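Thanks for coming, everyone. Please look at the sequence and the model on the screen, and I will walk you through them.

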Amino acid sequence: MREFFHHLFLPRPSNNHRPKILHHQSLLFFIGIFLLGSIVLQVGESRFSQVLGTATNISIQKLLEETNREREGKGIQPLRLDQELSDAALYKAKNMFGQNYWAHNSPSGDTPWTFFKKAGYSYVYAGENLARGFDKSEEVVDAWMKSSSHRENLLSSYYQDIGFAVVDGELLGEKTTLVVQMFGNKSTVSYQPSSQVSEQGTSKQGLSSQQLAAVYPSIKNVPFIDNFSFSKNIGIGTIALFVVVFVVDMIIITRRKIIRVVGHNIDHIFFLGGMLILLITFIKGVVL
């Protein structure tokens, strides 16, 4: 067994002084395994979502807390969860899934303000933030804060009310969790609405923000295996393995002064190192 691993990972005469794992046949084998694994994961997620799927834990209560935490940290008044705005956000989310679009305006011409009016929210100030593909409430708010236009909405002092919708569905051929955040203010100050904003208001049923948050659905899915994390960790582990093999190979070849016709270890190390950094820092969610 020891000889097998030496042959696989270290340069020696038995593998022509190049680790067997770096030979073309081995690389093709790994590519085949990854392609097969990708198919298995996709089929498994569609048929056994409780065992193999995407872990998601996004709640309206947590979104509200994180939003107000950011506002209070900047000395801005917190927003109150409003039922009409939450209804408007839910109408918008269902419309996006129904017409299969990722935009502030629908293909049929509906603007965000259409859903405000449908929910009965008469605004003077209004706005909307969108997000999809995130796993946690904190990740959603953090992504909005990293975008200048979304941060402007989230921290705007013009708004008093806020509403959320968190809905699972298939958008543009991809299963995802859609988050709609709508802001508004019913004050009499004249203002032209924009695509992203922030707000606060009172529930027409007189419920507190905490009570109202419990009324609207949140998304929590905890499969036995998280597809995204599993795939990401396998990718990180595989790339890290190849980086280590290339580094060890380069050190041994240099020390033994072995001359090889083909040898670009340093290029491969930099390339794989860059891929490793991108994979580690990759976040699948997007905002609009």
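Let's start with one pair. The side chains of Asp249 and Arg18 meet in a salt bridge, at 3.9 Å from N to O. By salt bridge I mean a side-chain nitrogen of Lys or Arg within 4 Å of a carboxyl oxygen of Asp or Glu. Where do Asp249 and Arg18 lie? Asp249 is in helix H9, residues 227-256, and Arg18 is in the loop between helix H1 (2-9) and helix H2 (24-47), so the pair ties together parts that are 231 residues apart in sequence. Asp249 and Arg18 are both buried. Buried means under 20% relative accessible area, exposed means over 50%, and partly exposed is in between, with a 1.4 Å probe and protein chains only.

Some ground rules. This is a predicted model, where local features need pLDDT of at least 70 and side-chain atom pairs count only at pLDDT 80 or more, while totals for chains, interfaces and linings use all residues. Residues are numbered from 1 along each chain as its sequence is written, and side-chain values use heavy atoms, with hydrogens and water left out.

The chain has a mean pLDDT of 81, and 78% of its residues reach 70 or more. A contact means heavy atoms within 4.5 Å.

Now the overall build. The chain has 10 helices and 9 strands. These are DSSP runs numbered from the N terminus: helices are H or I with at least four residues, strands are E with at least two. Of the 288 residues, 43% count as buried.

Next, the sheet. 5 strands form an open sheet, in the order E3-E5-E6-E4-E9, with mixed pairing. Which strands stand at the edges? They are E3 (80-81) and E9 (286-287), each with a single partner strand, so one side of each is left without a neighbour in the sheet. Two strands pair if DSSP finds at least two bridges between them. E5 (residues 161-171) and E6 (residues 174-185) pair in the antiparallel sense over 11 bridges. There, Ile162 stands opposite Phe183 in E6.

Helices pack on this sheet. Helix H3, residues 60-73, touches E3, E5 and E6, and its direction makes about 130° with that of E5. Helix H6, residues 137-146, touches E4 (125-132), E5, E6 and E9, at about 120° to the direction of E4. Axes are lines fitted to C-alpha atoms, for helices over the stretch in contact, and angles run from 0 to 180 degrees between N-to-C directions.

Back to salt bridges. The count comes to 11. Look at Lys62 in helix H3. Glu65 forms a salt bridge with Lys62 at 4.0 Å, and Glu66 forms one with Lys62 at 3.6 Å. Glu65 is 3 residues from Lys62, and Glu66 is 4 residues from Lys62, about one turn of the helix. Is Glu66 buried or exposed? At 9% relative accessibility, Glu66 counts as buried. Salt bridges that share partners join Lys62, Glu65, Glu66, Arg69, Glu70 and Glu138 into one network.

That's my tour. Thank you.

Conventions: pLDDT is the predictor's confidence in each residue, from 0 to 100.
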